[in-house]
Amino acid sequence: MEHQEYICACILNVIRETSNSGRLIRTEDISADLQSRDLPNPQEIDYKIDFQNRLNQTLTDNCDIKRIISPNGISYYYSSLSLSDTYAGILAQKSKNQLWLIAAVVRENSKLYPRPIPVESFSEPPFDLSPQAISECLEILGHDGEYGDIAQTVTSDGTIFLYSTEHLDPDHAFTLAEWLHVGLTDNP
C-alpha cells in the first residue's frame with residue numbers, strides 16, 4: 001500500500017472507531033493518533049501538509065466521513081455509519097455550554113417538529129447532564145434575556161416539558177406535552 005493510501009486508511013479507521021464508541025474526534029486527536037503509528041518513510045514527507053491533504057482526501061473519498069464545527073469553532077469528525085447527523089450535532093454543541101445546548105435543542109424541536117421536550121431527556125445520552133446541572137439551567141431559562149423564549153409546561157402527571165415561545169404557544173405546547181407523555185401511554 002502506498003504511503004498516502006496508508007495514511008488515508010489510518011485516518012478512516014480512527015474516525016470510524018471513535019464514532020463506533022459514540023464520540024466525535026478532533027483534528028488534533030486524529031493527527032496525534034497517526035503520529036503514534038509507525039508510518040513508512042516519515043522523514044520523506046512534510047507531515048503537517050501531508051496529514052491535512054490526506055484528511056481532506058479521506059473526507060472526499062468516503063461519504064460517511066463528515067466534519068462538523070462546534071459553536072466554539074472546533075472541527076470534529078465522525079462517521080455517519082455510527083452516528084446520525086443530529087446526534088453528532090448534539091455532541092458538538094455540548095462543547096459550548098449546557099445552558100446553550102438545552103436552549104438550542106428546545107428551539108430546534110419547537111420549530112421543526114413542533115414539539116416540547118421533556119426535561120428528563122437531558123439526563124440521558126447524548127446529553128448526560130446531571131440533575132443538578134439541569135436544575136441550575138432551569139433556574140436561568142426563561143428569565144435570562146438570551147433564553148427568555150424558553151418556557152416550561154407541566155403535564156397532568158407532573159412531568160416538566162420545555163418549549164420555545166417563538167415557535168409554540170403555551171396552550172399548544174401543553175396539549176402536545178400532555179399527548180406525548182400521558183395520552184400515548186394511556187391510549188396505546
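## Crossing of α1 and α2

In this predicted model, helices α1 and α2 cross in a right-handed sense. Helix α1 spans residues 3-20 and helix α2 spans residues 27-35, and the two pack at an angle of about 125° with their axes 10 Å apart. Because angles of 65 to 115 degrees count as roughly perpendicular and those over 145 as roughly antiparallel, α1 and α2 are therefore described as oblique to each other.

On the α1 side, the contact is formed by Ile-7, Cys-10, Ile-11, Val-14 and Ile-15, while α2 contributes Ile-30, Asp-33 and Leu-34.

## Crossing of α5 and α6

Helix α5, covering residues 98-112, and helix α6, covering residues 131-140, have axes that come within 10 Å and cross at roughly 70°. As this angle falls in the range of 65 to 115 degrees, α5 and α6 are therefore roughly perpendicular to each other.

Gln-98, Leu-99 and Ile-102 of α5 meet Ala-133, Cys-137 and Ile-140 of α6 in this contact. The residues of the contact of α5 with α6 divide into five nonpolar and one polar, and no charged residue takes part.

## Aromatic rings

Across the whole structure, a search finds one aromatic pair. Separately, a charged side chain is placed over an aromatic ring, in that Arg-115 lies over the face of Tyr-113 at 4.2 Å from the ring centre.

Technical notes
Residues are numbered from 1 along each chain as its sequence is written. This is a predicted model: local features need pLDDT of at least 70, side-chain atom pairs count only at pLDDT 80 or more; totals for chains, interfaces and linings use all residues. Side-chain values use heavy atoms; hydrogens and water are left out. Axes are lines fitted to C-alpha atoms, for helices over the stretch in contact, and angles run from 0 to 180 degrees between N-to-C directions. Helices (H or I, at least four residues) and strands (E, at least two) are DSSP runs, numbered from the N terminus. Angles under 35 degrees count as roughly parallel, over 145 as roughly antiparallel, 65 to 115 as roughly perpendicular and the rest as oblique. A crossing is left-handed if the near helix is turned anticlockwise from the far one by less than a right angle, and right-handed if clockwise. Contact means heavy atoms within 4.5 Å. Rings of Phe, Tyr and Trp (its six-membered ring) pair if their centres lie within 6.5 Å; planes under 30 degrees apart count as stacked, over 60 as edge-to-face and the rest as tilted. A charge sits over a ring if NZ of Lys or CZ of Arg is within 6 Å of the ring centre and within 35 degrees of the ring normal. Ala, Val, Leu, Ile, Met, Phe, Trp, Tyr, Cys and Pro count as nonpolar, Asp, Glu, Lys and Arg as charged, and the others, Gly among them, as polar.
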